[in-house]
Amino acid sequence: MKLIALLIGALAAHGALAQTREQEVRARGPLVMPFSLHATTHVFTKTPDGGVQKVLVKNLSETNQRDLVQVHLRHIAAAFSAGDFSGPSALHGDGMPGLARLKAAPPGAVSIKYAPLANGAQITYSTKDAALQAALHAWFDAQLSDHGSDATSGHAHHGH
């Protein structure tokens, strides 16, 4: 009986911790991202060689938010290509899974491509390095967890 109470207490504490972390990320969001987290949805789709990160505006009439998303994602894609992951570090902390491995990768080891979308923008990450693929997947999982209700995982299309 005591063990069950302990487990319930641990699970409750974990839930409170997860919620606090999501709240922390939301609070730091405006310091790192110029667009509204509430007006956008982050979509993280893992692919066999990396992944696709999208930020989509919920209301298409909010062209200002779309423009802010596009400018920001273009900027971070350029920063990431240069090995600068200070944005995610500022938002999520340096201990974010996968981030240290991505920071340590040699230039060009991960292909990072920006593309504007009608309702936002996307960054496509790809690499032939299995360790970097795993790092990208861990990083995507951590972002999904941190962004909580502001994010969703997409489903990769493999040409089936």
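**Salt bridges, pair by pair**

Modeller: Let's begin with R66, which is partly exposed at a relative accessible area of 23% (buried means under 20%, exposed over 50% and partly exposed in between, using a 1.4 Å probe and protein chains only). The model is predicted, so local features need pLDDT of at least 70 and side-chain atom pairs count only at pLDDT 80 or more, while totals for chains, interfaces and linings use all residues. Residues are numbered from 1 along each chain as its sequence is written, and side-chain values use heavy atoms, leaving out hydrogens and water.

The partner of R66 is D67: their side chains form a salt bridge, with N and O 2.9 Å apart (a side-chain nitrogen of Lys or Arg within 4 Å of a carboxyl oxygen of Asp or Glu). D67 is partly exposed as well, at 35%.

By this rule there are three salt bridges. Another one joins K46 to D141, where the closest N and O atoms lie 2.8 Å apart. This pair connects distant parts of the chain, as K46 sits in strand β1 (residues 40–47) and D141 in helix α5 (residues 130–147), 95 residues apart. Helices (H or I, at least four residues) and strands (E, at least two) are DSSP runs numbered from the N terminus. K46 has 35% relative accessibility, so it counts as partly exposed, and D141, at 37%, is partly exposed too.

Finally, D129 and R101 meet in a salt bridge at 3.8 Å, N to O. Here too distant parts of the chain are linked: D129 is in the loop between β4 (120–126) and α5, and R101 is in helix α4 (residues 99–104), 28 residues away. D129 is partly exposed at 30%, and R101 is partly exposed at 33%.
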